[in-house]
Amino acid sequence: EPEERKKLWDKFSEVLIENHHQDALAPCRDGNTVFEYVPDWTDKARPWRLWTPSEWKPPKKLQFSALLIPTMDSCRAEYLIDIIS
């Protein structure tokens, strides 16, 4: 999947650059793609920031079957679900 994300990001970047929209590109470094970034909705300028899972704290009463430990993918999914709903 990372290879496919890279291909999509490369094509997306190419299209934005060809159409003079470089300002919409995320500041990708170290092999990252737009999938590692999210617009910061708390700032009116909407700068890009890295996705970071929230710090996980175990519940007081631990039920293994009910645990949901945040990962990059689960954070992205939850974020999109929140926007859609």
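This is a predicted model: local features need pLDDT of at least 70, side-chain atom pairs count only at pLDDT 80 or more; totals for chains, interfaces and linings use all residues.
View 1. Through salt bridges that share partners, Arg-5, Glu-36, Asp-73 and Arg-76 are joined into one network.

**View 2. Surroundings of Arg-76.** Arg-76 lies in helix α2, which spans residues 72-84, and counts as buried at 13% relative accessibility. Arg-76 also forms a salt bridge with Glu-36, in which the closest N and O atoms are 3.8 Å apart. This pair links distant parts of the chain, since Arg-76 belongs to helix α2 whereas Glu-36 is in the loop between α1 and β1, 40 residues apart. When neighbours within four places in sequence are left aside, Arg-76 is in contact with Arg-5, Phe-35, Glu-36 and Trp-51.

**View 3. The salt bridge between Glu-4 and Lys-7 in helix α1.** The side chains of Glu-4 and Lys-7 meet in a salt bridge of 3.5 Å, taken from N to O, and both residues lie in helix α1 (residues 2-18), three residues and about one turn of the helix apart. Glu-4 is partly exposed at 49% relative accessibility, whereas Lys-7 is exposed, with a relative accessible area of 54%. The count for the structure comes to six salt bridges.

**View 4. Asp-40, a buried acidic residue without a salt bridge.** Asp-40 is found in the loop between β1 (37-39) and β2 (48-50). Although buried, Asp-40 has no salt bridge, and the nearest side chain of opposite charge, that of Arg-49, is 4.0 Å away. Apart from neighbours within four places in sequence, Asp-40 is in contact with Arg-46, Pro-47 and Arg-49.

**View 5. A nonpolar surface patch that includes Trp-41.** Trp-41, Leu-80, Ile-83 and Ile-84 form a nonpolar patch on the surface, with about 470 Å² of accessible area together. Trp-41 is placed in the loop between β1 and β2 and is partly exposed, with a relative accessible area of 49%.

View 6. The structure holds zero disulfides. The sulfur of Cys-28 is 18 Å from the closest cysteine sulfur, that of Cys-75, and is therefore too far away for a bond; Cys-75 is likewise in no disulfide. Cys-28 is partly exposed, with a relative accessible area of 25%, while Cys-75 is buried, with a relative accessible area of 13%.

Definitions and conventions:
Residues are numbered from 1 along each chain as its sequence is written. Side-chain values use heavy atoms; hydrogens and water are left out. Helices (H or I, at least four residues) and strands (E, at least two) are DSSP runs, numbered from the N terminus. Buried means under 20% relative accessible area, exposed over 50%, partly exposed in between (1.4 Å probe, protein chains only). Lys and Arg count as positive and Asp and Glu as negative; His and the chain ends are not counted. Contact means heavy atoms within 4.5 Å. A disulfide is a pair of cysteine sulfur atoms within 2.5 Å. Patches are made of residues with over 30% relative accessible area and no salt bridge: like charges are joined within 9 Å, nonpolar side chains (Val, Leu, Ile, Met, Phe, Trp, Tyr) within 5 Å. Accessible areas come from the Shrake-Rupley method with a 1.4 Å probe; for residues, only the protein chains shown count as cover.
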